[in-house]
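Student: I should like to work through this structure by question and answer. May we begin with how far the coordinates can be trusted, and then turn to the chains and their contacts?

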Amino acid sequence: MTVLSAQNMSAAHGQLSAVQDVDLSLVAGEMLFVVGANGAGKTTLLRSISGDHRQSQGTVTLSGVDISCHPAHLRARSGLALVPEGRRLFADLTVRENLLLGASTARSGPWSVDAIYDRSPNLAKLDQSLAGKLSGGEQQAVAIGRALMGNPVAIMLDEVSLGLSPAAVELAYATLARVRDMGIALLVVEQDLNRALATADQLVVMCEGRVTLRAIASETDAAQLAAASFGQTEGAAA
Amino acid sequence: MTGLILNSVLLGGYYAILAVGLAFMYSVMKIINLAHGALIIFAAYGLHLLGAMDVPLYLSIALVGALMFGLGMGLHAAILSRASSGGALLPLLATFGLSILIDNLLFQVFGADNRSLAPLVGDLSWASFELPGNVFVGQLSLYILLAAIVIIAALEAVMRFTTLGRRIQATSQDRATASLLGINTARTAAIATGIALTTGVFAAAALGLRSAWAPYSGAAQLLFAFEVVVIGGVGSLWRVLVGAMVLAIAQSIGAAIHPQGFLIGGHLAFLMAVFFRLPTWRAAFAPIARKGVSA
Amino acid sequence: MSHPVPLNVTRGSTTAHVTFLLLALAALGLAALPWISGAGGSGRAVALLVYILLAVMWNALAGFAGLVSIGQTLFFGVAAYVTIRLSNAGVDPYLAVILAIVSGAVLGWLTSLFMLSLKDGEFAIGMWVLSSLAHLCVNLDPLIQGETGTSLIALNAYDIETRNTFTLWVALAVTVVILAALVVLLRSGTGAAITALRDDEIGARSIGIDVMRTKRIVFVLAATGTAAAGALWLASNTTFQPRAYFGVHWTAYMLFMVLVGGLGRVEGALIGALVFFLIETLFGAYGAWYLVGLGGIAVVCALFFPNGLWGLIGPKLPSDPIPTGYKISKIHDASWEEI
């Protein structure tokens, strides 16, 4: 069953069109990767789906409910979480406080601070640390935990591996794999094509605001993705 | 000497109550509410009106406090949210315009007479405790100081230990991310404004009990409150208490030097705080200082 | 390099010529007022000029340098006080007015050394503290006798007709000189920096504009103009009560004029001053209600019409009445593009 779908999404920054006519849809427990060069519109796409940026046209449905007209906080309360680029933790608050803020969606579900700490004992040790003092990998873990605290049905993550050490990237993706296994749909923006190929179920390549390639991960390769991200392949391979 | 310091500390209690709402709004919303003083005077008239209807003071404070909370939420929705989206200047212009409006409306409705709440509490306004060494301490002033401490402690506790406080901090630090977590940031900011204005009712009560006010007294209260915030510095609300004490001591010293030096002393303390705080100021004077040395 | 497109760079326009003609006629009309309306009209004319000075200067400060000051009364009040003091020391009152304007410039420069480091709201109220401090210090002067005040007695040396006429001419000359100074400044290299600062402070910094120096120039000019207004107000009204000069109602007037006229445009400030003059003439007698109205209109303008009346009028004109930027056009192209 489709959990998250975005149809005909278009968004602009002032006069400048950033996203044009993008369609996406994810079922429960599916991992969809959006890849593409800088400025391809990936971040704007995620922000438009989350309601942080007003889409100029398009429909977002979550678990079959049209949330296109909802402001960001109501979309979050419907079960759509975004882990933004750079994590955007509240630097002056502690790890626990950041996690507790994730519960602002007021949705019922399995997640609590203790449940998060059970899964990531490393975070438990940082309980009272200020989020601004953490390493990039630790911040990413808190950010994912904060998203889970809202008991979402779908999580979008922007630039997961940006600024992280290779070990931290491994850890983040191990966490995401477990999140997916719980039946949460994941929409991931990633620069690293090989990582995307190794992890994704579906792949979408964007170039200059448009989708240039859709593929099943097992049926494509890095060369095809790279070509598509520079706009050299038109149409769909899947 | 002991008496001067003691009385300054007590006066500082009043200034702290006066400034805490302004400081709260500045630290949380990054807005300097220039209508802060006018709104305190508005609340004072509310207390006076209820007092004239024989409503007990504690009940008046609760009622006017609730009114101020609602007013704060309305103020945010109608003016501040709109103004603060237009840059740093518009909130200043809009709240200053609002203060002119409130001041003159109060003058038009209540006339120019001085009012006081002192009659509502009978003896308390002049009763005092005697300390060893023949030092007398006004009871009311002491209660005001205690109230200031309680209010600051309560606000700090709300900010640190409650869900609401966390949401206010999140909204203040990064509004976009806060709303991505499901926080209704507009409502949260409105509640924060409501809280800031609610503290104004305690300032109004303190002002009315210890002295008197008139429709245009708001400007002077805003100046005191602002001087406290600048002298204390931004950060924890406890700094308000420090700033208030420094202001009160500076004023007392000014008054000891010259009969009309009370306010001047406070203003000079404010200017000194500005001078010593700003590295750019030192940079601006560095060339002059160097020339002075070489000449 | 390809062929350079032939460009035509101009800054005047028909609209500008018409505007300057109208302003010149208005100035001549005001100068001739004593013969038209007798002595009574002169006082009102000086009031209008004072409002124009206050509006244009406050607008330069808030609109161009992004500095909202609640304490411009510092310069207004101190200039009036200096005029009184100098005149009391035997200086001719009109010379005292001129010297007071100079003292305003000096005070503005001194103040700018530390006040410009403050941000937004801190600057706004910081200026107010300074104004309040100056007010308190002036009250300490035995000559002023606290709030009782004193008057510019030396003016009694002139008979009332001559005095009023002469005050008007001095006011007119001072206003023209200061407005001309502002326009010249805005058309100079510094003017381009000021415009850049108005539009985008961070951007201005990033292209190498010395933001602090630019702000200081505007601040000192605004201090000078506001001081001129204070000294002229004293020359016209002759009485000096500190509260009437340092009072925060003057700030309310400045805010009103600038917000109603339109923030960031000289034309807007002129219109704002004119509107305020008319409203004051018509409704000033209503006292506090009148101020309630001013405050309310200021709030509404700040929230809903940040470009004020000029925002409604300006775009309808073919070009800028007071041109401070340049117009660039291709020589054979009729379409004009302003930069």
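Student: Over which residues of chain B does pLDDT stay under 50?

Tutor: This is a predicted model, and confidence is therefore the first matter to settle. Chain B has a mean pLDDT of 89, with 94% of its residues at 70 or more. Where pLDDT is low, the predicted coordinates should not be read in detail. The stretch in question, for which the model has zero contacts beyond four places in sequence, is residues 289-295 of chain B.

Student: Which pair of chains has the most contacts?

Tutor: Chain A and chain C have no contact, and their closest C-alpha atoms lie 17 Å apart. Two pairs of chains do touch. In one of them, 20 residues of chain A meet 16 residues of chain B. In the other, 39 residues of chain C meet 45 residues of chain B, and the most contacts are between chains B and C.

Student: What area is buried between chain C and chain B?

Tutor: The size of an interface is often given as the accessible area lost when the parts come together. On the chain C side, I125(C), V129(C) and L303(C) lose the most area to chain B, together 15% of what that side buries. Carbon and sulfur atoms give 85% of the buried area, and the total is about 3800 Å².

Student: How many salt bridges are counted between chain C and chain B?

Tutor: A pair counts when a side-chain nitrogen of Lys or Arg is within 4 Å of a carboxyl oxygen of Asp or Glu. Between chain C and chain B, the count is zero.

Student: Which residues of chain B lose the most area to chain A?

Tutor: Chain A and chain B bury about 1700 Å² between them, and 59% of this is on carbon and sulfur atoms. On the chain B side, three residues together account for 40% of what is buried. They are R166(B), L180(B) and L181(B).

Student: Which side chains meet in a salt bridge across the interface of chain B and chain A?

Tutor: The rule finds one salt bridge across this interface. Its N to O distance is 2.8 Å, and the side chains concerned are those of R88(A) and D174(B).

Student: What is the strand order of the open sheet in chain A?

Tutor: Strands of a sheet pair through backbone hydrogen bonds, either parallel or antiparallel. The sheet in chain A has six strands with mixed pairing, in the order β6-β7-β8-β3-β9-β10. The edge strands, each pairing on one side only, are β6 (80-83) and β10 (210-216). From one strand to the next, the twist averages 15 degrees.

Student: Which residue of β8(A) stands opposite A154(A)?

Tutor: Strand β7 (residues 154-157) of chain A pairs in the parallel sense with β6(A) over four bridges. There A81(A) stands opposite I155(A), and V83(A) has L157(A) as its bridge partner. Four bridges also join β7(A) to β8 (residues 185-189) of chain A, again in parallel. In that pairing, the residue opposite A154(A) is A185(A).

Student: Are the side chains of β7(A) buried or exposed?

Tutor: In a regular strand the side chains alternate between the two faces of the sheet. In β7(A), A154(A) and M156(A) point one way, while I155(A) and L157(A) point the other way. On both sides these residues are buried.

Student: Which residues other than glycine have a positive phi, A106(A) and K30(B) being cases to examine?

Tutor: Most residues other than glycine have a negative phi. A106(A), in the loop between α3 (95-102) and α4 (113-119) of chain A, is exposed at 67% relative accessibility. K30(B), in the loop between α1 (2-29) and α2 (36-52) of chain B, is exposed too, with a relative accessible area of 55%. Phi is about 55 degrees in A106(A) and near 60 degrees in K30(B).

Student: What residues does G243(B) contact beyond its neighbours within four places in sequence?

Tutor: G243(B) belongs to helix α10 (residues 238-257) of chain B. Its relative accessible area is 0%, so G243(B) counts as buried. Its contacts beyond those neighbours are V228(B), I231(B) and G232(B).

Conventions: Residues numbered from 1 in each chain as written. Chains lettered and ligands numbered in written order. Predicted model: local features only at pLDDT ≥ 70, side-chain atom pairs only at ≥ 80, totals over all residues. Heavy atoms only, no water. Pairing = 2+ DSSP bridges. Helix = DSSP H or I, 4+ residues; strand = E, 2+ residues; numbered from the N terminus. Axes fitted to C-alpha atoms, helices over the stretch in contact; angles between N-to-C directions. Buried < 20%, exposed > 50% of the residue type's maximum accessible area, 1.4 Å probe, protein only. pLDDT = per-residue confidence, 0-100. Contact = heavy atoms within 4.5 Å. Buried area = accessible area lost by both parts, 1.4 Å probe.
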